[in-house]
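Morning, everyone. Please have the sequence and the model open while I talk. I'll go strand by strand, then turn to confidence.

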Amino acid sequence: MMRLRHSFICAAALASLALAGCSGSNLVPNTTSAGSSDSKGGGQPIPSFTQFTDIPMPSNSSLDMDRSIIFGASDAWHGRLVINAGGTPAQMYDFYEREMPNFGWSKVTVVRADISVMVYDRESRVATIKLQGGSFAGSTVDITVSPKG
């Protein structure tokens, strides 16, 4: 009986966490229309990363919604962002090395190779950035942000 109760509590906690990650419109990047502000302008939807105010986002990039998962919002989010960037992995490495300190992140360690890994910390969070070449062109930027400890 006690084991059944414990299993039920664990299942309820996991369901609550999963639902918390799906609630709220600020968990998914907003889309705006390029070009004209009216809906008849024919502009293509482009991702807006404005809710991620603590991580630099390269221009000419898009969020891979199928591979990204975000919990929380503003400067308190945790999770994984997968970005398809137009620049080469070397350009993305230079971009993040230059821009992360401007967003308050301190470098912990980096490995520059075919698949580069950069680790930064800020207050109570750690960001791990993995950079690799894209399938066809550009690069894939995989950013995981988690609590310290």
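Start at the hairpin of β7 and β8. Two residues sit between these strands, and in this hairpin Glu123 takes a positive phi near 50 degrees. A word on names: helices (H or I, at least four residues) and strands (E, at least two) are DSSP runs, numbered from the N terminus.

This is a predicted model, so local features need pLDDT of at least 70, side-chain atom pairs count only at pLDDT 80 or more, and totals for chains, interfaces and linings use all residues. Residues are numbered from 1 along each chain as its sequence is written, and side-chain values use heavy atoms, with hydrogens and water left out.

β7 and β8 pair in the antiparallel sense over seven bridges. Two strands pair if DSSP finds at least two bridges between them. Met118 stands opposite Ile129 in β8.

β7 has another partner listed here: β6 pairs with it in the antiparallel sense over five bridges. β6 and β7 form a hairpin too, with four residues between them. Thr109 has Val119 in β7 as its bridge partner.

Why is β7 largely enclosed by the rest of the structure? Because five of its seven residues are buried. Buried means under 20% relative accessible area; exposed is over 50%, and partly exposed lies in between (1.4 Å probe, protein chains only).

Now the core. The largest nonpolar core has 23 residues, and Tyr96, Ile129, Val141 and Ile143 have the most contacts inside it. The elements giving two or more residues to this core are β5 (78-85), α2 (89-99), β7 (116-122), β8 (125-133) and β9 (139-147). α2 gives the largest share, four residues. A nonpolar core is a set of buried Ala, Val, Leu, Ile, Met, Phe, Trp, Tyr and Cys residues joined through side-chain atoms within 4.5 Å.

Next, Val145 in strand β9. Val145 is buried, with a relative accessible area of 2%. Arg80 is 65 residues away along the chain, yet the two C-alpha atoms are separated by 6.4 Å.

Last, confidence. pLDDT is the predictor's confidence in each residue, from 0 to 100. The protein chain averages 76, and 66% of the residues score at least 70. Strand β6 (residues 106-111) is highest, at a mean of 98, and strand β1 (residues 30-33) is lowest, at 33. Over residues 10-48 the pLDDT is below 50. Where pLDDT is low, the predicted coordinates should not be read in detail.

Key. Contact means heavy atoms within 4.5 Å.
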